[in-house]
Amino acid sequence: MNEHDDEEREPTAAALRANHAARAESAAARAAALCRYAERRGAEHADAVWKAAHAARVAAQALAVLSESAPDPAADSRCARNAAAAAAQAARMAELIDGGAEFSARASRAARAASQAAAAVAGAGRLGADEGLNGEAAAAESAAVKAAEDAGWIRPGEPVPSVATGVRSPEVMAMLHL
């Protein structure tokens, strides 16, 4: 390996990071918006509200870890996967609060599909670098955002609420595979 190989590899890692970071940011924003939605609508669903808030914190933690580390396609894809999985959990809670309404069920399925696509990118043997899977994951994330808007969970143009990451314990970091 020579210096030229390192120069070619670095932009690839940076480009992959941008893809993973965009998906992680989108998923974390979805989770935060769903947390706010659950808090507004879920007065009689305290457990679902708590789970949505926890999911938003986990997504925010995954995004924070991604932003604090050096570009690494495998680690970055795990952060995006964790944020998407947390957003899927928040979507399930919003679906429960909505009583399984059609648009809510559709949005929850789209969130699960985005989580599964992100998991495929981060899967063994792919390590976040498969361009085809990255494209599929980006499309699935966009579809999840659109479905959440259709369900009324996200209001286009509304600022994304901030979510505190809380304490990142070694146990949580191990659970997130980071």
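At the start of α5, which residue's backbone nitrogen does a side-chain oxygen of D130 reach to within 3.0 Å? The residue is G132.

This is a predicted model, in which local features need pLDDT of at least 70, side-chain atom pairs count only at pLDDT 80 or more, and totals for chains, interfaces and linings use all residues. Residues are numbered from 1 along each chain as its sequence is written, and side-chain values use heavy atoms, with hydrogens and water left out.

## Overall fold

The protein chain has six helices and zero strands. Its elements run α-α-α-α-α-α from the N terminus on. Helices (H or I, at least four residues) and strands (E, at least two) are DSSP runs, numbered from the N terminus. Of the 178 residues of the protein chain, 46% count as buried. Buried means under 20% relative accessible area, exposed over 50%, and partly exposed in between, with a 1.4 Å probe and protein chains only.

Helix α5 covers residues 131-150. Its 20 residues should span 28 Å at 1.5 Å a residue, and the end C-alpha atoms are 29 Å apart, which agrees. The expected span is 1.5 Å times one less than the number of residues. The buried residues of α5 are L133, N134, A137, A140, E141, A144, A147 and A148. They cover an arc of only 145° around the axis, which puts them on the same side of α5. That arc is taken from the directions from the helix axis to the C-beta atoms. An α-helix has 3.6 residues a turn, so residues three or four places apart point the same way. Just after α5, G152 takes a positive phi of about 85°.

Helix α4 passes the span check too: its 21 residues should span 30 Å at 1.5 Å a residue, and its end C-alpha atoms are 30 Å apart, which agrees. Buried residues in α4 are S104, A105, A107, S108, A110, A111, A114, S115, A117, A118, V121 and A122.

E95 is found in helix α3. Is E95 buried or exposed? At 11% relative accessibility, E95 counts as buried. Its side chain makes a polar contact of 3.0 Å with that of R92. A polar contact of 2.9 Å joins the side chains of E95 and S108, and S108 is one of the buried residues of α4. A polar contact is a pair of N or O atoms within 3.5 Å; within protein, one must be able to donate a hydrogen and the other to accept it, and residues adjacent in sequence count only if both atoms are side-chain atoms.

A101 sits in the loop between α3 and α4 (102-122). A101 is partly exposed, with a relative accessible area of 35%. A101 and A151 are 50 residues apart in sequence, yet their C-alpha atoms are 8.8 Å apart in space.

## Pockets and cavity

The search uses a 1 Å grid over the protein atoms alone. A cavity is a set of points where a 1.4 Å probe fits but cannot get out; a pocket is an open set with protein on both sides within 12 Å along at least five of seven lines; lining residues have an atom within 4 Å of a point. Grid points are joined across faces, edges and corners, and a volume is the space filled by probe spheres set on the points.

| Space | Volume | Lining classes |
|---|---|---|
| Largest pocket | about 210 Å³ | ten nonpolar, three polar, six charged |
| Second largest pocket | about 160 Å³ | six nonpolar, three polar, two charged |
| Largest cavity | about 30 Å³ | seven nonpolar, no polar, one charged |

Ala, Val, Leu, Ile, Met, Phe, Trp, Tyr, Cys and Pro count as nonpolar, Asp, Glu, Lys and Arg as charged, and the others, Gly among them, as polar.

The largest pocket is lined by 19 residues; A33, I154, R155, E158 and V160 lie nearest its centre. The elements giving two or more residues to this lining are α1 (3-41) and α5. Helix α1 gives the most, with seven residues.

Eleven residues line the second largest pocket, and V58, N82, A85, A86 and Q89 lie nearest its centre. At least two lining residues come from each of α2 (46-68) and α3 (73-97). Helix α3 gives the most, with five residues.

The count comes to one cavity of 30 Å³ or more. R30, L34, A91, A107, A111, A144, A148 and W153 line the largest cavity. Helices α1, α4 and α5 each supply at least two residues of this lining. A107 and A111 are among the buried residues of α4, while A144 and A148 are among those of α5.
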